[in-house]
Amino acid sequence: RTIAIDIAKNYLNHLDSNAIIFSNGDNDTYPLWYAQEVEGERPDVRNVNTSLLNIDWYINQIKQQVYDAAPVPSLLTHDFYKGNTKNTSDGVVLVDFSMRRKSAKEAIKEIKKSNTCPGKIYIPIDTVNKINININRGGLASGDIALLDILANFNWERPLYFISSQQTLSTFDGIEKYIVKEGAVQKLIAYQSTIDVDKSYDLLMNKYNYGNFSDNNLNYDYYSDRSLSQFRIPFIYTLQQTMNQNDTIRSINISNKYFDNMPKASTGLMEFASINLLNPYIKYRVKDRYHIISDLTNEHIKQFEHLKLIDLNGDAQRLFINSIQKIITLNDLIINNEDEEILLIKDKINDIIPSIEIELENEPAVIQFKSSKNQKERQRIFNNSISVQLYNSILSKRQKEKENEMKLEQKEKEAQAETERE
């Protein structure tokens with residue numbers, strides 16, 4: 001099992017020179033530290049852990065040279081953060097939304113001078129273009145300020161990468177338009193984009209390793225699942241792009257790579273990609289891969305049948321609903337495929353749908369939804385409950401089938417009447 005070092009190398013080894021990569025928690029940070037400190041991987045890259053960025057000693061640490069990695073760019077000194085006073089209600093930096101929009105550098109100077117930050121700032125791209133940012137909270141603690149200090153002073157000289165840009169940059173609205181996905185990381189760039197499809201494809205297909213989990217004899221535990229989940233995500237969004245481009249070959253290649261390297265027929269809560277990755281096999285009728293569709297169907301049905309017999313709560317309950325969702329999603333995906341092997345899968349799913357409907361009817365949210373007479377309340381319950389959404393999906397599909405049957409009967413009657421007139 002090589003998951004820890006694989007994910008570290010996947011993150012590090014394909015970054016631009018002299019990069020900064022922001023990580024968030026234990027599972028993405030510790031592998032990076034091990035790879036750099038023990039195995040000497042990418043000594044030019046500086047890792048910044050945002051969970052520690054609220055602590056004065058850590059902010060001071062990232063401002064020092066480490067191996068070949070230069071200090072992070074910044075203006076504020078250790079005295080500003082000393083004692084972690086910015087993390088208290090008395091010391092927090094207040095955000096003033098009435099100020100004119102200022103550059104991020106001007107904002108840092110304002111913070112240093114008055115302990116106040118403008119609510120509207122920008123990062124200059126060149127002499128003409130800029131990234132407008134709106135701060136979405138009323139006060140900034142040390143971590144927000146330290147991050148803003150880096151954004152204000154990197155001057156497009158240090159590439160900035162994020163393992164989760166959505167989490168790291170959550171305070172700064174507007175900057176996400178300039179984040180591009182490159183495989184399992186995201187990069188801040190000087191133009192608006194969403195994904196570098198060619199680079200992501202190359203990373204997934206040719207550069208990344210996946211913990212050797214194609215070997216079914218390896219122990220696949222909770223933390224392996226968590227770590228590997230971050231590498232399931234880029235398969236989803238890269239496949240979406242190749243499918244949108246009608247790129248049959250690359251779409252099938254992506255799915256093949258995924259299923260050849262990920263744990264077989266995995267159905268856990270953090271396994272949210274496999275059903276979507278079946279899409280090329282179904283759409284392009286890749287018959288030698290139909291066994292994967294069958295295996296996943298069987299596993300989700302088996303999981304559903306087992307869990308419905310148990311009193312559930314917490315993750316077990318979420319796993320139960322997750323299996324129902326995957327079965328219904330799969331049923332929708334295969335609806336237009338009439339190949340013999342797929343018809344057998346449809347039969348299995350159709351056999352289990354009545355049982356699924358009964359289980360969903362007993363879900364508290366569904367009971368509440370059905371009993372409520374208030375439309376706004378019903379809408380609120382629907383929006384907040386996957387159980388209700390799945391239940392309504394089954395009912396809607398059945399209603400549509402009835403309508404189609406009635407239309408077909410009407411056409412047959414009309415045809416019969418026309419025949420009799422003739």
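Residues are numbered from 1 along each chain as its sequence is written, and side-chain values use heavy atoms, with hydrogens and water left out. Because the model is predicted, local features need pLDDT of at least 70 and side-chain atom pairs count only at pLDDT 80 or more, while totals for chains, interfaces and linings use all residues.

Five strands form an open sheet in the order β2-β1-β9-β12-β11, and the pairing is mixed. Strands (E, at least two residues) and helices (H or I, at least four) are DSSP runs numbered from the N terminus; two strands pair if DSSP finds at least two bridges between them. The edges are taken by β2 (46-49) and β11 (179-182), each of which has a single partner strand, so one side of each is left without a neighbour in the sheet. On average, neighbouring strands of this sheet are turned by 30 degrees against each other, direction ignored (axes are lines fitted to C-alpha atoms). Strands β9 (residues 160-162) and β12 (residues 185-188) run antiparallel and are joined by two bridges. Phenylalanine 162 has glutamine 186 in β12 as its bridge partner.

Gln186 also belongs to the lining of the largest pocket, where Ser164, Ser165, Gln166, Lys181 and Gln186 lie nearest the centre among 20 lining residues. Two or more lining residues come from each of α7 (165-168), β10 (172-173), β11 and α9 (222-244), and α9 gives the most, with four. The volume of this pocket is about 410 Å³. On a 1 Å grid over the protein atoms alone, a pocket is an open set of points with protein on both sides within 12 Å along at least five of seven lines, a cavity is a set where a 1.4 Å probe fits but cannot get out, and lining residues have an atom within 4 Å of a point. A volume is the space filled by probe spheres set on the points. The pocket lining divides into eight nonpolar, nine polar and three charged residues.

One cavity of 30 Å³ or more is present. The largest cavity has a volume of about 30 Å³ and is lined by Asn10, Tyr11, His14, Leu15, Glu182, Val185, Leu203 and Tyr208. Five of these residues are nonpolar, two polar and one charged.

Aspartate 144 lies in helix α6 (residues 142-153). Its relative accessibility is 14%, so aspartate 144 counts as buried (under 20% relative accessible area, 1.4 Å probe, protein chains only). Residues up to four places away in sequence aside, aspartate 144 touches Arg137, Gly139, Thr171 and Phe172 (heavy atoms within 4.5 Å).

Key:
Axes are lines fitted to C-alpha atoms, for helices over the stretch in contact, and angles run from 0 to 180 degrees between N-to-C directions. Ala, Val, Leu, Ile, Met, Phe, Trp, Tyr, Cys and Pro count as nonpolar, Asp, Glu, Lys and Arg as charged, and the others, Gly among them, as polar. Buried means under 20% relative accessible area, exposed over 50%, partly exposed in between (1.4 Å probe, protein chains only).
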